Amino acid sequence: MMLLIGSLTIGLILSLLALGVYISFKVFSFADITTEGSLTLGAAVAAVLIVRGVNPLAATMAGGLAGMAAGCITGLLHTRCGVHALLSGILVMTALYSVNLRVMGRSNIPLMSVKTLPQQAGELGDALFGAGGPVPLWGWTVEREALAGLAGALLVAVLVALLLYLFFKTNLGSAMRATGDNAQMMRAQGIHTGNMLVLGLAISNGLVALAGALLAQFQGFADVQMGIGMLVWGLASVIIGQALVGPSRFGLAIVGAVMGAVLFRLLVAIALRWGLNPNDLKLMTALFVLAALVLPTMLRSLRQRKAVRHA
Amino acid sequence: MAAHQDRMAGSVEVCKRLFLGVALIVGAAAVLLLSDLRQRQATKDAGGGAEKQYRVAIFQIASRQILDDSVQGTIDGLAEEGLVQGRNLSVTRFNAEGDMVTANAIVQNILQGNFDLVATVSTPSLQTMANANRAGKLRHVFSVVTAPYGSGVGITGDKPGEHPEHLLGMGTFQPVRQVVQLARELYPDLKVAGTIINPGEACSQACLAMAQDECGKLGIDLLVAQVENSSGIYEAASSLAARGIEAFFIGGDNTVETSVESVFKAAVAARIPILAYAPDHVDAGALVGMGANYYEVGKAGGKLAGGVLTGRVKSSEYAIRDLMPRKLALNQQALAGLKAPWRIAPELLAQADILIDEQGHKTVRGGAAPVSTPALPAGKTWQLHMVSYSQSMMVEQWMRGFADACEKLGLRAGEDYQLTYRNAQGDMATANMMIDAAIDSQADILMTLTTPTLQAAVRKKPPMPVLFGLTANPLLAGAGKSDSEHLPGFTGISTMSDYEGMVVVIRECLPNARKIGTLYNPSEDNSVFNMEQMKEALAKAGLSMVTRATNEATEVPAAALALAGEDIDAICQVAGNLHDSSFPAIAQVARQLRKPLFAFVSGQALTGGAAIAVARDYEQGGRDHAALALRVMRGENPTAIPFAAISRTLIIVNTTHAAELGLALPPSLLQRADQVVDGKN
């Protein structure tokens, strides 16, 4: 039960990463490697501020803002300096490694003895439902803080997804999406597409950094290496999500990305729980992703064939 | 109306689209929960039986054959009184593994542990327990004590009432007189004998007095050498041999008895025998071992404890007396090569309970010599969950040592314990989930390897004991304030470098050295920590340290050159990720400028270019980890166990590298090195 709650929480936190990757990769078709650096940046900034006594919520926001700045730089390198898209991401990611070390002052900041968002969520839960020991849940006992953390992560994921949805419904948001679809046409319409891309990457990396800031608080430490490999997981979540909801409207795609992230973590959790040979873990996750990609398409084609036969 | 229908159709379409994802998520969650079903029922079924449950603590001071035997005897003695483990008795075993600080923590633990009775085995455990329990809060039965009257616990004599109300037991004095007489029998011309004692132990003083008395009667000169700890034993024994003794009398002394091998080395060199007041020393090469049958002693203690619990034994009527079920062990193999004509008469051979013949075959006769088992609560298979952040050579060495030690400690895989190993393969998010997975699988003990998994565990604070390993610095990882003051439920084995050991090696090689240089990485916690600790250790020995900071692999060669350009006598590279991976660059500079190079990682001496490595033995780390797990499985509270570093340091010398670096290797170091290689392998 703890594993289910833990993996759902991590899945929801990393759904922000998936949303960020969705914006850069799907909306702008921009393979943005900055992600790996900005995730750690968000964690680093938040951790340092929390340790210094800043309110965790403010620290988390600051982490997100730092990520936005990193995204801006990648965007500016590409649009203003004409650096190749991939390379500008690589440059910023590489630079961020040093920046992150500078920010933290060392490679790892533990957050054990300070108050973080999950603990605040636990306290809020206590205030709302009364304090007490572990909660019984269908026969299992569950730590209150874990439940509060899950509720908090769900709230954040829903809130962010909703804000994102509403934002992309505005004129500015529509213009951004249209820029991703057909930049030439937008330029003809008098829209500065470069600025659109910079803004898009800023939002994308802001979300990624937010995920990093939350992840650090949830796992209890920020580490300079925590971003490594994250871009791939983000992409996997986005693609799984797309496979789940099919090629469809923007709102659905957002929900798909969140679901993809959660599902992906659940699959890893099952692999862990069943005690598969640890050396095979990565192979199993790859197979899971493959299955998630292939199965929906197969199901759909089956359904279509049936529909054709009925017609 | 049409618009409304459109919207309706739209919503249906949205729901359809989302259905697959939601279904898969719910399905996956259900699979996870189904895996946990057992856990749910287990919590439901937890309920108490009706029979009175007795809780007994057994406290032994160290792991030695006779103590393990007597603990087994105690448990069997309790059973003879109708108190059976698993039915109406739960036994928690405590073992200080020879450490007095731990012993003091253990007795506090026992006092607060809500036990009905504590049974102590050995004199130090009697003393520490009785001292903490002066108020008599807990009933206490002792055994395997040489001289209960002289141990300062308030026992004044051997009549009823001459002991505190809560404290009962029996004395077992070593058969010192008989052993001395036996020596005269085996070698009638015996004139001079020697013995080694730790004067700090009450029991060895008592044995010495008795041996001196008996030797005096028989006209044997008894020479005495004193030691304070086991490291001085070999020297003490050699000095006695040099003074012309013809036999060693050994026994009644925990310090000497745990290192009989050292005495044996000296005895073999001088071609004289060892006669011990304890039978198990024949295994280590003693000619005669005569002592109590400690299994029987323990059993008597167990029966007494059972009697006290059931009310059969009244404390006010009980008298503390001596009990000596004799056990004789002879080793015919030890006769070979002796200077003097020692001889074992055939009728004596027939009396032996344990006999090792000329070929080294051991026969155990009569009386059930109990098999030494780790004595875990019966019928339980401990679920050990080991989690690691990534797979590496160090992790593999560690796990090899762990498996090896489990076998040596008598832990049977699949019966006593089941090991589940998980590996995050370098993914932080997975590292977190592994802790949850261990909680859900209801692990009895969680063992974390590497720092990130420890940190994840610190954050989650799982309900079971957490024993970390392969962690450079548990304090920086947030597991505690100091080695003894740490998070409840957490303890473990760190890989912290052996700074003092390194300083000794440096001084041995370079007696005139004054300044030692190192590179460090200011952005790596462990690198900074290691640098500071090394600096302190050097300062204690009157040496100073010169440092250069580097943040990146590309800066290392230049920094090494700058460092070597300083007026330093040698480079001693502290451990850290950056400088471990860029070590070859440092070695190259050292070679060019002919500065001796010392390192803390074994591979850096084997192939990396360092002349000498003073490295922690990761396999030993795994063994320490297993021993720690056993302590916890026996019922010790991890909170009371201080953090410890790996107990063994390896000195690895590479002669080729040393020659390249212009370092003359002292013969003493080559002799005590664990591994001497030339550059070719």
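Me: Which strand order does the open sheet of eight strands in chain B have, and with what pairing?

Reply: Happy to start there. Strands of a sheet pair through backbone hydrogen bonds, either parallel or antiparallel. In chain B the open sheet of eight strands reads E7-E6-E8-E9-E10-E11-E12-E13, with mixed pairing. Strands (E, at least two residues) and helices (H or I, at least four) are DSSP runs, numbered from the N terminus, and two strands pair if DSSP finds at least two bridges between them. Before we go on, this is a predicted model, where local features need pLDDT of at least 70, side-chain atom pairs count only at pLDDT 80 or more, and totals for chains, interfaces and linings use all residues. Residues are numbered from 1 along each chain as its sequence is written, with chains lettered from A and ligands numbered from 1 in the order in which they are written.

Me: Which are the edge strands?

Reply: Strand E7 (221-226) and strand E13 (362-364) of chain B, each of which pairs on one side only. From one strand to the next, the twist averages 15 degrees. Further in, strand E10 (residues 288-292) and strand E11 (residues 326-331) of chain B run antiparallel, joined by five bridges. Look for Met290(B), which stands opposite Leu328(B) of E11(B).

Me: What is the order of the open sheet of five strands in chain B?

Reply: The order is E2-E1-E3-E4-E5, and the pairing is parallel. Strand E2 (89-95) and strand E5 (167-171) of chain B are at the edges with a single partner strand each, so one side of each has no neighbour in the sheet. Strand E1 (residues 54-60) of chain B pairs with E2(B) over seven bridges in the parallel sense; Ile58(B) has Arg93(B) in E2(B) as its bridge partner.

Me: How do I read the packing of helix H13 and helix H22 of chain B?

Reply: Two packed helices are described by the angle between their axes and the distance between the axes. Axes are lines fitted to C-alpha atoms, for helices over the stretch in contact, and angles run from 0 to 180 degrees between N-to-C directions. For helix H13 (residues 393-408) and helix H22 (residues 618-633) of chain B, the axes come within 6 Å and cross at roughly 45 degrees. That makes H13(B) oblique to H22(B); angles under 35 degrees count as roughly parallel, over 145 as roughly antiparallel, 65 to 115 as roughly perpendicular and the rest as oblique.

Me: And in chain A, at what angle do helix H2 and H10(A) pack?

Reply: Helix H2 (residues 34-51) of chain A packs against H10(A) at about 105 degrees, with the axes 8 Å apart. H2(A) is therefore roughly perpendicular to H10(A). Thr35(A), Glu36(A) and Leu39(A) of H2(A) make the contact with Met230(A), Leu231(A) and Gly234(A) of H10(A). Residues are in contact if their C-beta atoms, placed from the backbone, lie within 7 Å.

Me: How many residues of chain A are in contact with chain B?

Reply: There are 48 residues of chain A in contact with 45 residues of chain B. H11(A) gives the most to the side of chain A that touches chain B, with 13 residues. That side divides into 30 nonpolar, 14 polar and four charged residues. Here Ala, Val, Leu, Ile, Met, Phe, Trp, Tyr, Cys and Pro count as nonpolar, Asp, Glu, Lys and Arg as charged, and the others, Gly among them, as polar.

Methods. Contact = placed C-beta atoms within 7 Å.
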